[in-house]
Amino acid sequence: MVEQVGCHYCARWNAEIGPIYGRTSEGAFAPLRRVMLGSTEMDELYLDRRVNFTPTFILINDADAEMSRLEGYPGEDFFWGLLERMLQDKTDYVVPPRTGG
């Protein structure tokens, strides 16, 4: 997750998704790594193109190279579906069966 100080949508993601992300199957498969926009840590990533918006969620492989990205935060209702699609399209992620409740 590329973020920056003062980013309203980053703050929204942190409030709505941040507390639960690590406890989800998506979070277990693709652990969150936070990087500040413009930091030297950005220079260590092999990105397809420059990051212009925050938050930007970039799927990175073991060689720190970009596989896919989701720019912006579309809200909780859309985030999970877009993330799931990105993981299915670019990795061997398998959607776990949904349990009724």
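Good morning. By class, 19 nonpolar, two polar and three charged residues make up the lining of the largest pocket. Here Ala, Val, Leu, Ile, Met, Phe, Trp, Tyr, Cys and Pro count as nonpolar, Asp, Glu, Lys and Arg as charged, and the others, Gly among them, as polar.

The model is a predicted one, in which local features need pLDDT of at least 70 and side-chain atom pairs count only at pLDDT 80 or more, while totals for chains, interfaces and linings use all residues. Residues are numbered from 1 along each chain as its sequence is written, and side-chain values use heavy atoms, with hydrogens and water left out.

The volume of the largest pocket is about 480 Å³. A pocket is an open set of points on a 1 Å grid over the protein atoms alone, where a 1.4 Å probe fits, with protein on both sides within 12 Å along at least five of seven lines; lining residues have an atom within 4 Å of a point. The volume is the space filled by probe spheres set on the points, which are joined across faces, edges and corners. Among the 24 lining residues, Ala30, Pro31, Ile58, Leu59 and Ile60 are the closest to the centre of the largest pocket. Strand 3 (56-60) and helix 4 (76-90) are the elements that give two or more residues to this lining. Helices (H or I, at least four residues) and strands (E, at least two) are DSSP runs, numbered from the N terminus.

The largest nonpolar core has 17 residues, and Trp13, Ile17, Tyr21, Phe79 and Leu83 have the most contacts inside it. Such a core is a set of buried Ala, Val, Leu, Ile, Met, Phe, Trp, Tyr and Cys residues joined through side-chain atoms within 4.5 Å. Helix 4 gives the most to this core, with five residues.

Why does Trp13 count as buried? Its relative accessibility is 0%, and buried means under 20% relative accessible area, with a 1.4 Å probe and protein chains only. Trp13 belongs to helix 1 (residues 8-16). Leaving aside neighbours within four places in sequence, the contacts of Trp13 (heavy atoms within 4.5 Å) include Met1, Leu32, Phe57 and Phe79.

Finally, Thr54 lies in the loop between strand 2 (35-36) and strand 3. Thr54 is also buried, with a relative accessible area of 12%. Its side chain is joined to that of Gln4 by a polar contact of 3.0 Å. A polar contact is a pair of N or O atoms within 3.5 Å; within protein, one must be able to donate a hydrogen and the other to accept it, and residues adjacent in sequence count only if both atoms are side-chain atoms.

Methods. Buried means under 20% relative accessible area, exposed over 50%, partly exposed in between (1.4 Å probe, protein chains only).
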